[in-house]
Each structure stands twice: as C-alpha cells, then as structure tokens.
Amino acid sequence: MRLVLVQLRAELRRVAGNGEQLLLTLGIPVLLLVFFSLVDVLPTDTAEPIDFLAPGILALATMSTAMVSLGIGTGFERSYHVLKRLGTTPLGRPRLIAAKIGSVIAVEIVQFAVLIPVAFALGWDPDSPNWLLAVACVVAGTIAFAGIGLTLAGRLPGEINLAAQNGLYLVLLLLGGMVIPFAELPGPIRAVAHALPSGALADVLRDSLSTAGTQPTQSWIVLAIWAVVTPLLAARLFRWD
Amino acid sequence: MTAVEVDRLTVRHGELLAVDAISFTAEAGQVTTVLGPNGAGKTSTIEVCEGYRRPTKGTVRILGLDPAAHQRRLSESMGVMLQEGGVYPGSAVLETVRHYAALYGKGADPVALVEAVGLTSRSKATWRRLSGGERQRLSLALALAAQPEVAFLDEPTSGVDINGRDAIRGIIRGLASNGCAVVLATHELDEAERLADRMVIIDHGTLVADGTLAELRKGHDEIRFRSDPGLDLRALAAATGIVASEVGVDEYVIDAPPQPRLMAQLGDWLAGAGHPLHELRGGGQRLEDVFRRLTRGDQA
C-alpha cells in the first residue's frame, strides 16, 4: 500500500503540473457546461438545456480523464521508457496500475466536485436522481474508457497516440450524445452513436439522474460490453516498452 | 560470492539469434564489463539479467534467483541504469530521485544522491533541460537509490564530459568496493579498461572472451613504435629479422614479446637508416587490439 501511495502522489503531481491535462479534464467540461447552458443553441428536448447538458458533461469529464488524460500520459511514459524504469523498482505492474486507477478516481472526484455545483448554480434540477446508479455508470464508463486509452497508449508511439486520443475524443464528443442529442444525428450515424461508449455512458447517466435516457437498457448493455472488452484488449495488446 | 550466473543463455528475437548459448559470471565486489560491438547481444543479455526478457534457452540467476520469476523480489536489491530515457521530461532532478528513493524505501538520502552525482546545482532542473551527461548522472542516481547488491549499468558515461566521467567512475568503483556486483555494458573500450575487474566480450551473440584484461592480453605481446611514415619494412626484416607492419600513418607493430635485444636492434636500425624514434612501447596488446582480434575486426 505504501508503494501505491508513493506512486499515486507522483501521478497526481504530474497531472496537477500539466496545464494541458487540466484544461482537458476541467477547463473544457466547465466551459462547455457554462456556455451551452447560457447560450441556448442546442436542440435539446428538455425545458432547460442544463438538464440535458449536466449528465452529458459528467460523461464527457469521465471520458476526458479515463481515456484521454490517462492514455496520453501513459503513452508518453511508455515512449520515454518511464514504465520500463519503474519496472525495475519494487513498485511492480499491479501497484503501478493501482496508482493510475487511484489517480483517475481522484481527478474524477475533483471534476465532479467542481462540475456538479456549477451545474446546480446554472439551474440544474435533476428529476428524482439515483446518485448511486450514477456512480455505477461512471465506474463502468471509467473502465471502458481506460481500456480504450490504454490500448492505444500501449501500441502507438507517443506523438501518434496523442493525435489518436485527441481525435477519438472529438469524435466521441460529437457523436456521443453528450452535448448534441442523438435525435439530431442523421439516421445511420445515430445507430453508430448508440453503440459508442460515450453515447452509452451519456444515456445511462442521463437516465439515472433525470429519467431522460433514450434507450437506457440498450445503453447499459453497450456500456457493459465496452467495459468488459476494452480492458481485456488493453491487457492483451499493451506493451510496456 | 557469485552474484550473476549466466549459463548457456540463448535469446531469439523472431528469426534473429541475438544471443547464442553464452555463459559467464559476475562476482560481488567486482566490476564486470560486458563489451561488444553494436548489435553483439549485450542489451539482450542484460535485459534477461534484469528480468525484462525471458531467455529462449539457458538459465540466468541473480543472487541465486531467476530474474523473470522473481523480478519484484530482486528489484529490491538491484539497481538498473537504462541506456537512455526513463524519466518523465517534466520531472525535476531532486523530485525524481526523491520518488525513486521512496519506491526503494531503503532510506537513501535523495539530497546526498544528487550531490554524489554532481547535480546539486541542477536539482530543480527538469529532465528536458538537462544535457546528455547530466541525464546519465541522474540515471545513475536512480540506480544508486536502490542501494543495490547488483547493479546493471548500460553505457553509464555515454555523453558525459571528462570531469563527469571521473566522478561516475569513482561512484562505480565505490559501489564495487562496498560489495556490489557491478555489471557494466559498454562499447567504450577506454571505460572498460579503466573500470573492469573482469571483461566479458560478446560478438555476434557468442561469447568470445571472458577474463581479466591481463588474461585477455596473455600470449599476445607486441612492440609498438612510431617513426617516419613509410619505413622500408623489407629492409628492416632483411637487416634484423624483425617483421613489422604499419598499422597507422607513422605507427608500426611487431608481433613479438618486448625483449630488450629486439628493441635495441630496432633502435640501432632506425638510427642507422636516419629515422627518428618518436615512441616505443612493449608489452601486452592494447584492449582496442585485443577487442579487434577477438571480434573479427568489427568496430566497437
């Protein structure tokens, strides 16, 4: 446990000292939440845009941290042989992974501690929310996105991984029902969007926090599949050096 | 005490046979250098010893343990210096050493380690701001944080200036004198000659020599001298029976033990022919020549 805490401290220091990651994990979600709440340009079906946006932005924050931030950081660590060197210490891989999971959870707690009050301040009024279910959604989403992030990080060179993670982030953001409702997407794209982890997470979060999910059962199944398949894929494909 | 035992180690990378049934040992309290040309199989051998790679055949024991099966246990006693990288570019010197000292948990003082490798004035500098030599020193400090019983150091003085090299050599010597088995992979012959108690030379994946420098030189005495370029070596042979060969612009080698009579004959002939004698050295072959002889003339 001592070694996990030592490594966790190093991971958190690195995240806190990395301006780009802070922008990605906190700046962009807060900006999107505030902007689209105040500027009513999104074709949401809800009376207040914030009721649609808040769960979607929480899903976006989960994706930013668990996939992009973790994936880019780990990819560069692999390219810089940091993982190889850490492998020579008593830390070992299981503790390194535990520290990384701890770091993702800690960042998500900070994100939600900022985003949820901001959403309430912007008028978010969730209709009979099931917070426990929402936590389960975030856990499943975190596992699914971390699996994607680590799969890319474990195979691609640092710079290519950076581009791939950012590109995927944009695609999943636009098609994932986080900010733009599924109903606004063209038919074939909508079907694909429902099968994406971002779409599934946004949908189940929206359902658990406001009973406004469009296909919650199907989305739970989709999210569960991603949460099982991507970590297995990462475990199989990840190269430490 | 034998700290590293490599027995008929074979490593294959797909079709490529990187290491072919090599065996050697490294003793505690000694510096053992693994020398070889680029691509000889040094890194593959060291990586198996460090537990990164499993052998295709053969066995390796570090402190009596299989490094692949007991990597975590061995990591507590093993210091590793990678050839390059291994530190996040944004990490500062002291912060990084502090992190690794905490991971090893052996009470190594990070400030003292940074001072030992001569980076005190750079303790707040990040990895990306360090010169090549400073990075090597930081890497060495991270290996020292383990307070190791066995240290694997890959090209520890590569890119380091002369003063830095002296400091690093001193630290490596200190490690060995404290009982650590130091295994140093290098292609720098000067480094090996200055540090090694024992040398293991690998070429094309096979072991071509294993012993002290004196043992490697044994039976290969020579006389080496410098004079005018283009000496008439046929005339020298005809007059004295000495067979010499020109190995440089004005450098000559006689493949024979440095007997005083022979050296006097050479001096007389040069004087008689009106040639100067700039330099005269007799004895064992230089490591460079031992290395060339053993590695089929490949460059280190």
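What radius of gyration would a compact globule with 241 residues have, and what does chain A have? The globule value is near 18 Å, and chain A, with 18 Å, agrees with it; the radius is taken over C-alpha atoms, and the rule is 2.2 Å times the number of residues to the power 0.38. The model is predicted: local features need pLDDT of at least 70 and side-chain atom pairs count only at pLDDT 80 or more, while totals for chains, interfaces and linings use all residues. Residues are numbered from 1 along each chain as its sequence is written, with chains lettered from A and ligands numbered from 1 in the order in which they are written.

Chain A holds 10 helices and 0 strands (DSSP runs numbered from the N terminus: H or I of at least four residues for helices, E of at least two for strands). Its C-alpha trace spans about 55 × 35 × 30 Å along the principal axes. Of its 241 residues, 49% are buried, that is, 20 or more other C-beta atoms, placed from the backbone, lie within 10 Å of their own.

Turning to chain B, 11 helices and 13 strands are found, and 41% of its 300 residues are buried.

Technical notes. A residue is buried if 20 or more other C-beta atoms lie within 10 Å of its own, exposed if 12 or fewer, and partly exposed in between; C-beta atoms are placed from the backbone.
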